[in-house]
Amino acid sequence: MSDSTASACTIFIAKEAAEFERRVAATPETVKKFIGLGAKLLVQKGAGETANIADDDYAAAGAEIVTQAVGVKAADIIVGVQGVDPAKMKSVQKGAWLVAGLNPVGDRKRVDAYAALGVEALAMEFMPRITRAQSMDILSSQSNLSGYKAVLEAGAHYGRAFPMMMTAAGTVSAARCFVMGVGVAGLQAIATARRLGAQVSATDVRPETREQIESLGAKAVFAEGLEADGEGGYAAELTDEQKAMQAELVSSHIAKQDIVITTALIPGRPAPLLVSDSQLATMRAGSVIVDLAAEAGGNVEGAVAGEVVEKHGVKIIGARNMPSSMAADSSALFSRNIFNFLSAFWDKETGKPVLDEEIGDAIRLTKDGAVVHPRLAQA
């Protein structure tokens with residue numbers, strides 16, 4: 001970032017160019033808040049259109065509407081949902097910050113390109129899971145909406161009612177919903193399915209999630225001795241013995257389920273396989289599975305990101321950028337994460353954010369022309 005203190009810190013909100021991406025990294029609400037800190041806000045023309053935010057709304061909040069070329073060249077901080085294409089950043093200031101979800105493990109070439117540009121790339125998905133950073137955590141805010149939408153997607157394809165209905169013509173049984181992986185997305189899926197009237201059960205390899213499952217009124221399904229706690233609140237990769245235990249647990253439970261939501265992810269690794277083709281074959285025709293990990297390889301054998309695949313009469317919905325399907329709400333939460341992050345470190349004297357070591361070192365990928373994050377520098 002420029003060291004100049006003579007002018008306001010210029011923040012550029014980039015329009016997303018990635019396929020299937022409909023979110024935007026700032027709203028008129030956060031634009032006003034940044035201006036209140038003393039920043040100058042530039043918004044790329046059309047940046048909010050797919051999230052139902054017009055350029056006029058940003059202008060009314062105090063932002064200047066510009067082209068991408070103008071915004072990149074002028075910016076001290078470039079903000080996006082996903083990182084701006086390095087090829088579009090040739091005129092960027094040396095030391096400018098790029099703040100976005102950058103997929104550093106999955107797209108290392110792009111990280112190297114940011115380093116070559118002299119950009120200080122800050123990966124929001126590397127935000128440490130500590131108390132003071134909760135309001136900055138894009139993974140949690142976006143996963144929350146993913147879990148909710150997963151249940152709605154399941155309902156749209158299920159073809160039956162969720163709640164038990166007692167009518168003059170007889171009783172309709174409640175749908176049985178099984179949630180696999182009880183992180184933020186899984187917990188929201190449990191709560192949503194419960195609100196819709198389903199009988200809900202859930203499982204995880206982290207024993208501490210039992211209480212969370214039961215607090216939402218769902219049945220906890222655990223295999224004795226199956227524990228795999230990982231770093232940062234994620235599950236660790238299972239051993240072969242643990243995988244066998246999990247497969248036995250799933251096989252005995254999944255055949256009775258109407259709807260299954262899978263959410264298991266391991267940072268930096270392909271998603272673990274939770275449901276095999278042979279297990280799918282035990283489910284009754286018309287059942288539905290939503291695989292929220294489809295883009296990371298999938299929890300369900302045969303899942304394809306962005307497609308609905310039918311196997312053994314079971315529909316497998318491969319989620320693709322689920323938060324983007326709720327672009328207005330997802331953008332509102334994402335943009336608040338960004339504001340909460342930058343404002344927490346805003347230095348009144350210099351008129352720009354100054355990071356501390358705990359969070360700065362955790363999310364900084366590149367600086368001064370080099371890749372500096374330990375996870376990437378060692379790769």
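Does Phe-341 count as buried or exposed, and at what relative accessibility? Phe-341 counts as buried because its relative accessibility is 0%, where buried means under 20% relative accessible area, exposed over 50% and partly exposed in between, using a 1.4 Å probe and protein chains only. Keep in mind that this is a predicted model, where local features need pLDDT of at least 70, side-chain atom pairs count only at pLDDT 80 or more, and totals for chains, interfaces and linings use all residues. Residues are numbered from 1 along each chain as its sequence is written, and side-chain values use heavy atoms, with hydrogens and water left out.

**Cores**

- The largest nonpolar core holds 65 residues, and Phe-341 is one of those touching the most other members, a group including Ile-11, Ile-78 and Leu-342. (A nonpolar core is a set of buried Ala, Val, Leu, Ile, Met, Phe, Trp, Tyr and Cys residues joined through side-chain atoms within 4.5 Å.)
- Helix H10 (residues 327-344) supplies the largest share of this core, six residues; helices here are DSSP runs of H or I with at least four residues, strands are E runs of at least two, and both are numbered from the N terminus.
- Leaving out residues up to four places away in sequence, Ile-78 touches Phe-12, Trp-97 and Val-99, among others, with contact meaning heavy atoms within 4.5 Å.

**Aromatic pairs**

- Three aromatic pairs turn up, counting Phe, Tyr and Trp (six-membered ring) with centres within 6.5 Å; planes under 30 degrees apart are stacked, over 60 edge-to-face, and the rest tilted.
- Phe-34 and Phe-339 are edge-to-face, because their ring centres are 5.0 Å apart and their planes sit at 70 degrees.
- Phe-345 is buried, with a relative accessible area of 9%.

**Strand S5 and its neighbours**

- Five of the five residues in strand S5 (residues 97-101) are buried.
- S5 pairs in parallel with strand S4 (residues 77-82) over four bridges; pairing takes at least two DSSP bridges between the strands.
- S5 also runs parallel to strand S6 (residues 120-123), again joined by four bridges, and Ala-100 has Ala-123 as its bridge partner.

**Helix H6**

- The buried residues of H6 (residues 184-195) include Ala-185, Gln-188 and Ile-190.
- Just after H6, Gly-197 takes a positive phi of about 100 degrees.

Methods:
The expected span of a helix is 1.5 Å times one less than its number of residues.
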